[in-house]
Amino acid sequence: MPLTAFPLRPVLLLAPCLLVACSTTPVARDVLPIGAVQGHEARSALVGQTVTVDGVVNALGDGGWYLQDGGDGDDATSDGLFVRDNSTAVTPGDVVRVRGTVAELDAGRGTRTALVDARVHRTGHSLLPPVAIDTAPADWERLEGMHVAFRAPAPLADSGDLAKNGRVLISIGERPWQPTERHAPGSDAYRALVANNARRSLWLRTADIQWPQGLAQARTGSVIEGLTGVIDQDEKGYVLRPTDTPALQPAARPQAPAVPGTLRIAALNLENLFNGDGRGGGFPTQRGARSAQELQAQLAKHVAVIDGLNADVVALMELENDGYGADSSIAALVAALDAGGDTWRFVDAGAGPGDNPIRVGLIYHADRVRPIGKPKVLEGGPFGPESRVPLAQAFVPLKAGKPRGRAFVVVANHFKSKGCSNANGEDRDQRDGAGCYDATRTESARRLAAWLATDPTGHGANTLIVGDLNAYAQERPVRTLREAGWRDAFDVAGVERPYSYVYDGQLGRLDHALLSPAFAQRLRGAAEWHVNADEPDASGYRAGGVGPWRSSDHDPLVLGFDL
């Protein structure tokens, strides 16, 4: 890798001085450029051989230090390597000659090219300018061990590993997208995006320097500026070991969205709302809050989100399946909402729906809409043992307590997750990006579409399928519904690049809203409130976070209609 800012010619073996300081050491005719030691592959072709290199110490590391030279004129080779050495007192900027044995040291996912059993001769001291990075390289291996400075934007992609392992994930240039949000699983375009995401992703160690305050509270999408450091590897992949303190430009928290229309319908994954025995005891629960105090904090966040959405009907996912009595979780949520003087009610399905520990639910403003007829559920097949049982309810808008406008139907859904526990046959991971249980989710979508085609509520012209389908937009379950004639509300509304979930730093939608053709004509707006997915765990109720932020790991959505 050439380094034009390096103040010497690339061939270092021509003189005994490297930068500004000379030594009386004789010229070593067998001195190799570091690029020749690194070679063009992930592993050096000189492993086991003894070589001599000249270079500048660019950073200290665990059990040694990093050395870099002026380049060998080959962009495909790295001009830096690691020297495993605890006995020589070197500092960044030292100009040294090193003779040692080439080795590939285990670095987790890959190996780190290094010199071991090193004999070191210090020949001077100088500064080595870092290599400027304007865009993500085609291969980070070409920069292994080199000191770099990023001029490209570096958005924070994921901070979930910060507290445990002292590192965050950044993406060079822009935030990465789930490949199956954009492209069909297994397609050439899918594979290209997988490769591009990997190329632009880099782990950033936070243990090496004093970081600016606020990193633990920063939302994903916050931009890290002024990054300099050495490219290395660990068990997560390629990592930057910073050598200077960067600046953090926090991403702003968005206000609650306002959508046009006289009727608003929202959906929210509650991330396991369990309320113990419903009387202040029974904690810790199977999921969710671990104490009565945590439950109150969790409820306060959900109330803040639902109030902010200003919806007439809200579909709920991950609600404890504990009936509809006064001690139930859905009753606790409605009571918390009504504490401010509202008139929320819940749809009572009698039992369940289903017998899964979590279920879907529907709540509504009783002074804005009125249920028509009894709720309907779809049981059998994948619904119950795997996907949660769908719940459909017809409503009519109210004005001054009397019906106004056309009836509409909301169908709350929560399909089987991507987790691979007990997956067999076609439900096993096909290695195409869709994860496990794609076949079950696809069959769930097929059966749902067939059921709704029978108009189970009797008022199905204006129908909304909404909820956590555990599938990204280009995966088979969502495509199956679209192919059956259901319209993606965010496409209809012209919303660009919607997302509701961030997993492994990548954006996508697990939460969908699909409309019957008639209802699509009455859509006036669609929005997601990025109140959750971009927020760190530090904002959640368990960590004492206040306000609506991180009430769940999914973002809520809200739609506006004119009926």
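The model is predicted, so local features need pLDDT of at least 70 and side-chain atom pairs count only at pLDDT 80 or more, while totals for chains, interfaces and linings use all residues. Residues are numbered from 1 along each chain as its sequence is written, and side-chain values use heavy atoms, with hydrogens and water left out.

**The big picture**

- The protein has ten helices and 29 strands; here helices (H or I, at least four residues) and strands (E, at least two) are DSSP runs, numbered from the N terminus.
- Picture a box of roughly 100 × 45 × 40 Å along the principal axes: that is what the C-alpha atoms fill.
- Of the 563 residues in the protein, 56% are buried. Buried means under 20% relative accessible area, exposed means over 50%, and partly exposed is in between (1.4 Å probe, protein chains only).
- Take the contacts between residues at least 6 apart in sequence: 70% of them join residues at least 24 apart. A contact means heavy atoms within 4.5 Å.

**Helices side by side**

- Two packed helices are described by the angle between their axes and the distance between the axes. The axes are lines fitted to C-alpha atoms, for helices over the stretch in contact, and angles run from 0 to 180 degrees between N-to-C directions.
- Helix H7 (residues 438-452) packs with helix H8 (residues 476-483) at an angle of about 20°, and their axes are 8 Å apart. That makes H7 and H8 roughly parallel to each other (angles under 35 degrees count as roughly parallel, over 145 as roughly antiparallel, 65 to 115 as roughly perpendicular and the rest as oblique).
- H7 passes H8 in a right-handed crossing. A crossing is right-handed if the near helix is turned clockwise from the far one by less than a right angle, and left-handed if anticlockwise.
- On the H7 side, the residues that meet H8 include Asp438, Arg441 and Leu448; among their partners in H8 are Arg476, Pro477 and Leu481.
- Helix H5 (residues 292-309) and helix H6 (residues 329-338) have axes that come within 10 Å and cross at roughly 60°. The crossing of H5 and H6 is right-handed too.
- Leu299, His302, Val303, Ile306 and Asp307 of H5 make this contact with Ala332, Leu333, Ala336 and Leu337 of H6.
- Buried residues in H6 are Ser329, Ile330, Ala331, Leu333, Val334 and Leu337. They pack against H5 and against strands S15 (263-273), S16 (313-320), S17 (344-346) and S18 (358-365).

**Rings and charges**

- Rings of Phe, Tyr and Trp (its six-membered ring) pair if their centres lie within 6.5 Å; planes under 30 degrees apart count as stacked, over 60 as edge-to-face and the rest as tilted. By this rule there are ten aromatic pairs.
- One of them is the tilted pair of Trp140 and Phe150, at 6.3 Å centre to centre with 50° between the planes. Trp140 is in the loop between strand S6 (131-133) and strand S7 (147-150), while Phe150 is in S7, ten residues apart.
- Both partners are tucked away: Trp140 is buried at 3% relative accessible area, and Phe150 is buried at 8%.
- Tyr364, Phe395, Phe408, Phe519 and Phe561 form one aromatic cluster.
- Arg112 lies over the face of Phe82, 5.2 Å from the ring centre. A charge sits over a ring if NZ of Lys or CZ of Arg is within 6 Å of the ring centre and within 35 degrees of the ring normal.
- Lys416 has its charged end over the ring of Tyr437, at 4.1 Å from the centre.

- Ile224 is in strand S11 (residues 223-225) and is buried at 3% relative accessibility. Leaving aside neighbours within four places in sequence, its contacts include Ala154, Trp211 and Leu248.
- Ser159 is in the loop between strand S8 (156-158) and helix H2 (162-165), buried at 12%. Not counting residues up to four places away in sequence, Ser159 touches Val168, Ala218 and Pro536.
- Glu379 is in the loop between strand S19 (369-377) and strand S20 (388-399), and at 54% relative accessibility it is exposed. Its C-alpha is 66 Å from that of Ala36, which is 343 residues away in sequence.
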